[in-house]
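Trainee: Hi! Could you walk me through the pockets and the ligand in this one?
Mentor: Happy to, let's look at it together.
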Amino acid sequence: MTLAEITSRRLEKVLNQDKKDAPTQILAMLESDIRTLLQNYFAIEDISINLSVQNGKYILSTTLSATHLKTIGIVR
Amino acid sequence: MARKIVITSGKGGVGKTTVTANLGTKLANLGFRVLLVDTDIGLNNLDVVMGVENKVMFDILDIINGKCRAKQALVQDCHHPSLFILPAPNSDSDSLITAGNLLETLSTLEHFFDYILLDCPAGLDNGFHRAVYCANEAIVVVTPHISSIRDAGKVVARLANYPLSSVKLVVNRVRGDMLMTGDSIAVERIIDLLGTNILGVVPDDDAISALSAIGAIPSGTTSSRAFAILAENLHTGTKKIFDCTYRYRGIAGTIRRNLKRRI
Ligand SMILES: Nc1ncnc2c1ncn2[C@@H]1O[C@H](COP(=O)(O)OP(=O)(O)OP(=O)(O)O)[C@@H](O)[C@H]1O
Ligand SMILES: [Mg+2]
């Protein structure tokens with residue numbers, strides 16, 4: 001393996017780790033905002049929000065379980 | 001109205017001031033009216049790199065304190081009549097100059113220029129904010145070294161907080177010989193890792209450090225050609241990339257490469 005390849009692999013790990021470290025405070029705010037938004041639509045039982053970094057990109061996944069969809073206020 | 005571009009990096013010593021000075025000179029060569037602003041308060045060097053330190057009468061702080069008008073503080077470059085430098089105070093007066101103060105100062109000057117290049121201090125604190133706040137575009141200078149690329153990643157993330165219309169990379173100090181031997185990370189890989197567009201590359205050139213000591217901008221050198229391409233890319237939107245490896249190809253190139261090899 002060349003020095004360039006070693007540098008490249010190390011950098012990829014370091015940059016991904018830096019991205020993961022960055023949003024710890026933001027995640028709490030994001031979670032609360034998403035919860036508030038989804039409460040308008042669902043009677044939420046459980047919600048989990050996961051932020052990960054894959055190939056240098058943030059991936060946000062939200063899993064929600066709800067007993068029913070809120071339909072009041074929706075004009076048909 | 002001027003395009004206001006901040007030249008930043010996160011890591012110190014990677015070539016922000018060098019890029020500001022040389023890019024500014026090349027833009028002036030193209031006939032544009034260019035203002036170079038030293039926002040590295042207390043650690044100012046742009047005046048020295050441009051060779052005008054003896055012509056400095058006033059600085060940014062004097063404008064803010066009302067000791068002079070903004071135009072009076074500008075220093076004209078010795079070789080290019082359309083190139084001006086706005087010096088930073090030499091003393092540690094960082095806390096006396098807010099981002100708002102600087103923006104106000106530049107707003108009185110921006111009508112007279114096509115380009116305003118802001119030489120940003122290293123780091124991500126006050127000085128960074130002050131410079132980026134006044135800009136509408138950013139150039140992130142990075143060298144092909146692991147610590148510089150890592151810091152550039154943090155800078156690119158931080159710049160996302162500002163309403164900038166463009167953020168582009170300049171990869172400085174590229175060693176063509178090391179690229180050929182696989183000892184240096186490729187420019188394309190740096191772009192890929194940082195997920196940012198590139199403005200151009202500048203080769204590592206002894207002429208830059210040698211000639212900066214006598215306050216001259218290197219002309220007719222390899223890096224001078226690279227800076228000319230950078231200026232063209234910036235103004236016209238072309239995406240030309242200077243080939244840093246051309247000197248190291250063929251028989252003569254192999255000899256050059258072996259002579260330069262240090263590891
Ligand atoms: N392409 C290059 N080839 C050779 N030397 C270079 C190159 N670019 C910059 N240098 C040298 O590297 C040193 C640091 O450059 P410069 O002062 O421009 O960095 P900086 O990022 O502005 O530093 P600071 O963070 O301290 O403001 C200088 O001695 C300069 O001459
Ligand atoms: Mg500098």
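Mentor: One term before we start: a polar contact is a pair of N or O atoms within 3.5 Å. Also keep in mind that this is a predicted model.
Trainee: Okay, how far is B:D40 from ligand 1, going by a polar side-chain atom and an oxygen atom?
Mentor: The distance from that polar side-chain atom of B:D40 to an oxygen atom of ligand 1 is 3.5 Å. For B:T18, an N or O atom in the side chain is 2.5 Å from a ligand 1 oxygen. B:G13 uses its backbone instead: a polar backbone atom there is 3.0 Å from an oxygen atom of ligand 1.
Trainee: And how much of ligand 1 does the protein bury?
Mentor: On its own, ligand 1 exposes 630 Å², and the protein buries 79% of that.
Trainee: Which elements of chain B give two or more residues to the shell around ligand 1?
Mentor: Those are α1 (16-29), β7 (166-174), β8 (197-203) and α9 (206-212) of chain B. The surrounding residues number 18, and the closest include B:K16, B:T17 and B:N172. Sorted by class, the shell has five nonpolar, eight polar and five charged residues.
Trainee: Which pocket does ligand 1 take up?
Mentor: Ligand 1 takes the space of the second largest pocket. That pocket holds about 530 Å³ of space. It is lined by 27 residues, and B:G13, B:K16, B:T17, B:D40 and B:N45 are the closest to its centre. In chain B, α1, α5 (126-133), β7 and α9 each give two or more residues to this lining.
Trainee: Switching topic: what volume does the largest pocket have?
Mentor: Its volume is about 950 Å³. The lining has 33 residues, with A:K19, A:Y58, B:G153, B:V156 and B:A157 closest to the centre of the largest pocket.
Trainee: Which elements contribute two or more residues there?
Mentor: From chain A, they are α1 (3-21), α2 (24-39) and β2 (57-69), and from chain B, α6 (146-159) and α8 (187-194).
Trainee: Which one gives the most to the lining of the largest pocket?
Mentor: That's α6(B), with seven residues.
Trainee: And how do the lining residues of the largest pocket divide by class?
Mentor: They split into 15 nonpolar, eight polar and ten charged.
Trainee: Thanks, that helps!

Technical notes
Residues numbered from 1 in each chain as written. Chains lettered and ligands numbered in written order. Predicted model: local features only at pLDDT ≥ 70, side-chain atom pairs only at ≥ 80, totals over all residues. Heavy atoms only, no water. Near = heavy atom within 4 Å. Polar contact = N/O pair within 3.5 Å; in protein donor to acceptor, adjacent residues only side chain to side chain. Areas by Shrake-Rupley, 256 points an atom, 1.4 Å probe, with all protein chains shown as cover. 1 Å grid on protein atoms, 1.4 Å probe; cavity = no way out; pocket = protein on both sides within 12 Å on 5 of 7 lines; lining within 4 Å. Sits in = over half its atoms within 2 Å of the grid points. Helix = DSSP H or I, 4+ residues; strand = E, 2+ residues; numbered from the N terminus. Nonpolar A, V, L, I, M, F, W, Y, C, P; charged D, E, K, R; others polar. Points joined across faces, edges and corners; volume = space filled by probe spheres on them.
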